[in-house]
Amino acid sequence: MKNGLDDMVVAETRLVHIDGSQGHLFLRGIPLEQLAGDMSFENMLQFLWQDFCSDSVEEISHLLSKARQISFAQVQPLLSLAAKKPVIEGLRLSLSGLQEHSDIPSSYLLTGAFPVILANLIRLQEGQKIIPPSPQMPHVTDFLRMWQGKIPQESEIKALTTYLTTVAE
């Protein structure tokens with residue numbers, strides 16, 4: 001009997017392949033290092049969701065913007081209470097306030113809610129006012145703006161986008 005998980009297959013997926021012996025991670029057959037830093041968050045969603053979503057990058061951007069607006073309206077009443085909890089518990093509490101919306105698929109609503117909730121929970125815990133999402137900004141830019149209370153620098157946007165690309169799967 002072997003110890004550990006060597007040679008154990010837990011699930012099969014076309015999305016991710018890990019070559020542990022060489023230290024490589026592939027997303028849809030492309031090495032992660034080729035993707036990181038070269039895609040917007042919206043491009044990454046299109047890349048990852050292509051099997052069940054045919055939306056263009058522009059449609060994804062529009063739907064994420066709409067999702068941030070809707071989720072803000074739905075969770076705003078819970079944010080003050082949620083901010084009294086540790087961030088993860090506050091996130092869970094706030095997410096429980098989301099309701100399905102006829103104008104937006106739930107995958108977008110959840111994806112749009114996370115930056116709205118996280119940015120504003122952190123702001124409230126730091127004694128700052130909440131900031132509503134902007135309908136004109138890309139997803140990562142708007143998250144950083146809500147969190148920091150100012151338009152983020154390009155280097156900050158690129159750094160967070162690269163990070164999110166590396167953990168997106």
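Q: Among contacts in the protein between residues at least 6 apart in sequence, what share joins residues at least 24 apart?
A: Such a share tells how far along the chain the partners of a contact lie. In this predicted model, 54% of the contacts between residues at least 6 apart in sequence join residues at least 24 apart.

Q: How many helices and strands does the protein have, and what pattern do they follow along the sequence?
A: One begins by listing the elements in order. There are 7 helices and 3 strands here.

Q: What share of the residues counts as buried, and what does the accessible surface come to?
A: These totals describe the chain as a whole. Of the 169 residues, 38% count as buried. The accessible surface comes to about 10,100 Å², and carbon and sulfur atoms account for 55% of that area.

Q: How is the packing of α4 and α5 to be read: at what angle do their axes cross?
A: A pair of helices is described by the separation of the axes, the angle and the hand of the crossing. Helix α4 covers residues 87-95 and helix α5 residues 106-125; their axes come within 10 Å and cross at roughly 130°. Because of that angle, α4 is oblique to α5. The crossing of α4 past α5 is right-handed.

Q: Which residues of α4 and α5 meet?
A: The helix α4 contributes Val87, Gly90, Leu91, Ser94 and Leu95, while α5 contributes Leu110, Ala113, Phe114, Ile117, Leu118, Leu121 and Gln125. Sorted by class, this contact holds 9 nonpolar and 3 polar residues, with no charged ones.

Q: How do α3 and α5 pack: at what angle, and with their axes how far apart?
A: Helix α3, residues 57-82, packs against α5 at an angle of about 45°, and the axes are 7 Å apart. The angle is therefore one that makes α3 oblique to α5. Here, too, the crossing is right-handed. The contact of α3 with α5 divides into 17 nonpolar, 6 polar and 1 charged residues.

Q: At what angle do α6 and α7 pack, and which residues meet?
A: The angle and the axis separation are again read together. Helix α6, residues 139-148, and helix α7, residues 154-167, pack at an angle of about 115°, with their axes 9 Å apart. The crossing of these two helices is right-handed. On the α6 side Val140, Thr141, Phe143, Leu144 and Gln148 take part, and they meet Glu156, Ile157, Leu160, Thr161 and Leu164 of α7. The residues of this contact are 6 nonpolar, 3 polar and 1 charged.

Q: Is Leu25 buried or exposed?
A: The relative accessible area decides the matter, and buried means under 20%. Leu25 has a relative accessible area of 18%, so Leu25 is buried. Leu25 is found in strand β2, residues 24-27. Leu25 and Thr166 are 141 residues apart in sequence, yet 9.4 Å apart in space from C-alpha to C-alpha.

Q: Is Leu45 buried or exposed, and with which residues is it in contact beyond its neighbours within four places in sequence?
A: The same test is used. Leu45, in helix α2 (residues 41-49), is buried because its relative accessible area is 7%. Apart from neighbours within four places in sequence, Leu45 is in contact with Ile60, Leu64 and Thr111.

Definitions and conventions: Residues are numbered from 1 along each chain as its sequence is written. This is a predicted model: local features need pLDDT of at least 70, side-chain atom pairs count only at pLDDT 80 or more; totals for chains, interfaces and linings use all residues. Side-chain values use heavy atoms; hydrogens and water are left out. Helices (H or I, at least four residues) and strands (E, at least two) are DSSP runs, numbered from the N terminus. Buried means under 20% relative accessible area, exposed over 50%, partly exposed in between (1.4 Å probe, protein chains only). Contact means heavy atoms within 4.5 Å. Accessible areas come from the Shrake-Rupley method with a 1.4 Å probe; for residues, only the protein chains shown count as cover. Axes are lines fitted to C-alpha atoms, for helices over the stretch in contact, and angles run from 0 to 180 degrees between N-to-C directions. Angles under 35 degrees count as roughly parallel, over 145 as roughly antiparallel, 65 to 115 as roughly perpendicular and the rest as oblique. A crossing is left-handed if the near helix is turned anticlockwise from the far one by less than a right angle, and right-handed if clockwise. Ala, Val, Leu, Ile, Met, Phe, Trp, Tyr, Cys and Pro count as nonpolar, Asp, Glu, Lys and Arg as charged, and the others, Gly among them, as polar.
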